[in-house]
Amino acid sequence: MKTPIRFRNHISIVAERMVRGLVFLGALLIGNLSQNLPDLLEDAGHILENLPAFLGGLAGIFLLFLLLLGWQLLIWSKTYISISENTLVIEQNTMNRKKNTFALDSISNVNTEQNLFEMLLGTSKIKLDTNSLSTANKTDVQILLKTRDAQELRNYLNARIRQAAPDTLPASDAPANVPEDDLTLYDSRADFSDIMTHGFFSISLFSILILALSIAGAIFSVREFLIGETAGGVAGFLGSFLVIFGLFASSFYSIARGFIQYYSFRAKRNADRLYIQYGLLRKVAYTVPVDKIQALKLNQTFLARLGGRYMAEIINVGMGDDENDRNSYLILYCKKEALQEKLRLLLPEFSEALETEVQKQPAKVWAVWLIPFCITESLICFSAWCLYWFQILTFFWCAALPALFAGLGILLMLLRYLSSGCTLNENFLLCASGYLEIRTTIAAYPKIQYVELKQNPLAALLRLQKGQLHLLAGAGNQTHSLPYFSSEKTAFLKERLLHRQKYPGYTGLMKEQKGENHD
């Protein structure tokens with residue numbers, strides 16, 4: 001590829017950036033229609049009197065559209081991307097001039113993405129992320145180019161990044177260039193049955209509950225409208241129906257995306273790089289340096305726990321930080337034996353940790369939970385009887401509310417005890433948390449930003465400790481709960497964190513493997 005000195009994004013980026021503006025204008029249009037159209041229909045004899053206000057609203061919305069379009073065209077024409085020897089520069093020369101410079105060796109991921117609109121136009125988006133906690137919640141740089149140019153730029157940036165980091169092994173970009181139907185070059189592939197299995201076991205009970213409630217709400221709203229008891233008439237019915245439809249669409253999409261998002265999922269390990277590709281309506285391709293992986297996360301929904309299925313997700317800057325792609329899957333839902341086999345091919349550095357069982361919280365934790373719970377339950381009972389004494393509550397509710405709180409509290413504590421735990425081995429920290437669902441985080445000590453430990457007086461008396469684990473990742477993966485563990489392990493944890501160079505974890509394994517490969 002000829003080095004691009006200075007270039008702009010493809011002009012279709014203007015249309016993509018207009019999407020949010022069009023959603024806002026659509027909301028204004030619906031509001032204008034709901035306010036003026038009923039008057040026009042009900043008062044047909046005075047249409048000419050009400051028509052100017054209606055058309056004036058439409059004209060104002062169209063003017064806002066033209067202003068937004070002009071502003072986006074100005075930004076596109078005044079924004080340039082430059083690549084020098086070791087830096088990438090984004091320069092915007094609008095009214096507020098700004099210039100962002102990124103060192104190539106600080107880039108953690110060079111990823112590509114292609115949505116349905118881009119497929120039709122033959123364009124692709126390059127997404128760059130850096131090792132920065134301040135920008136871990138969003139993509140640092142997005143560049144939209146013709147697909148061929150985007151692929152060439154991606155290969156060029158990967159090559160320059162390797163040159164900037166000479167201690168890494170040279171690795172071929174072949175997995176990023178093979179035809180999409182040639183899956184034989186990938187270590188892990190998902191066929192139709194694998195996608196369907198993943199979609200089923202990724203369903204959340206919360207999404208099912210919201211879906212059922214929204215359907216029930218829609219039936220109730222239609223019934224109220226038909227019998228004429230809807231407050232606000234047609235406008236009130238439309239407003240409530242739109243809210244219910246929004247909840248329905250959100251929950252339905254949450255369930256359906258597991259079946260379609262990871263179409264043709266495949267992953268490849270090549271030297272010190274992971275290559276991940278998937279997508280049908282939105283195609284993505286990740287290139288992940290293994291040494292930039294902060295942790296491995298194993299997820300289990302309630303259905304997956306019943307079916308004995310596990311899903312592996314990697315935590316690093318550049319995957320799972322966008323609103324439409326929160327999960328950075330490495331291995332889709334499968335049996336534990338299949339998970340271990342695929343992990344040996346893709347991330348053998350974590351094989352040791354995967355074979356380690358997460359230890360449940362000490363039995364003494366029940367005392368830490370039950371004593372405050374009993375105090376709270378006593379206060380609830382006292383309050384309920386006071387309300388009964390002043391005839392605010394009936395005897396039934398006076399007895400039912402404390403019993404309901406007690407039953408729910410004990411159930412949650414039992415689920416938490418069965419699902420949560422923490423293990424500290426020689427090279428990794430493993431922590432699991434959840435109630436019906438379980439999320440297990442596996443982190444090597446050198447990749448841990450810091451650990452925040454907490455201990456109330458009762459836990460100190462029982463020599464128990466809990467805390468939070470902090471990683472360099474997006475907002476959803478920065479903080480991980482450390483359930484209660486014995487205080488005797490605190491010294492071991494401090495030793496591993498303060499002298500982490502002695503315990504390199506999978507980073508040390510990578511260096512050993514590189515030495516073996518060189519030999």
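Is C431 buried or exposed? I found C431 buried, because its relative accessible area is 1%; buried means under 20% relative accessible area, exposed over 50%, and partly exposed in between (1.4 Å probe, protein chains only).

Notes on the source. The model is predicted, so I kept to its limits: local features need pLDDT of at least 70, side-chain atom pairs count only at pLDDT 80 or more, and totals for chains, interfaces and linings use all residues. Residues are numbered from 1 along each chain as its sequence is written, and side-chain values use heavy atoms, with hydrogens and water left out.

Cysteines. I searched the whole structure for disulfides and found zero, taking a disulfide as a pair of cysteine sulfur atoms within 2.5 Å. For C431, which is in no disulfide, the nearest cysteine sulfur is that of C422, 6.1 Å away. I then looked at C398, also in no disulfide, and its nearest cysteine sulfur belongs to C381, at 8.1 Å. C398 counts as buried because its relative accessibility is 2%.

I took helices (H or I, at least four residues) and strands (E, at least two) as DSSP runs, numbered from the N terminus. Helix α14 covers residues 395–419, and its axis comes within 9 Å of that of α13, crossing at roughly 165°. Axes are lines fitted to C-alpha atoms, for helices over the stretch in contact, and angles run from 0 to 180 degrees between N-to-C directions. The angle is why I call α13 roughly antiparallel to α14; the classes are under 35 degrees for roughly parallel, over 145 for roughly antiparallel, 65 to 115 for roughly perpendicular, and oblique for the rest.

Salt bridges. I counted 12 salt bridges, each a side-chain nitrogen of Lys or Arg within 4 Å of a carboxyl oxygen of Asp or Glu. K125 pairs with E113 at 4.0 Å, N to O. This pair links distant parts of the chain, with K125 in strand β6 (residues 123–130) and E113 in strand β5 (residues 107–115), 12 residues apart. K125 counts as buried because its relative accessibility is 7%, and E113 is buried because its relative accessible area is 7%. K125 also pairs with E118, at 2.7 Å, N to O; E118 is buried too, as is K125.

R344 lies in helix α11 (residues 336–346) and E355 in the loop between α12 (351–354) and α13 (365–389), 11 residues apart. R344 counts as partly exposed because its relative accessibility is 43%, while E355 counts as exposed because its value is 53%.

Last entry. I looked up N158, which lies in helix α5 (residues 147–164). N158 counts as buried because its relative accessibility is 3%. Its C-alpha atom is separated by 8.7 Å from that of T287, 129 residues apart along the chain.
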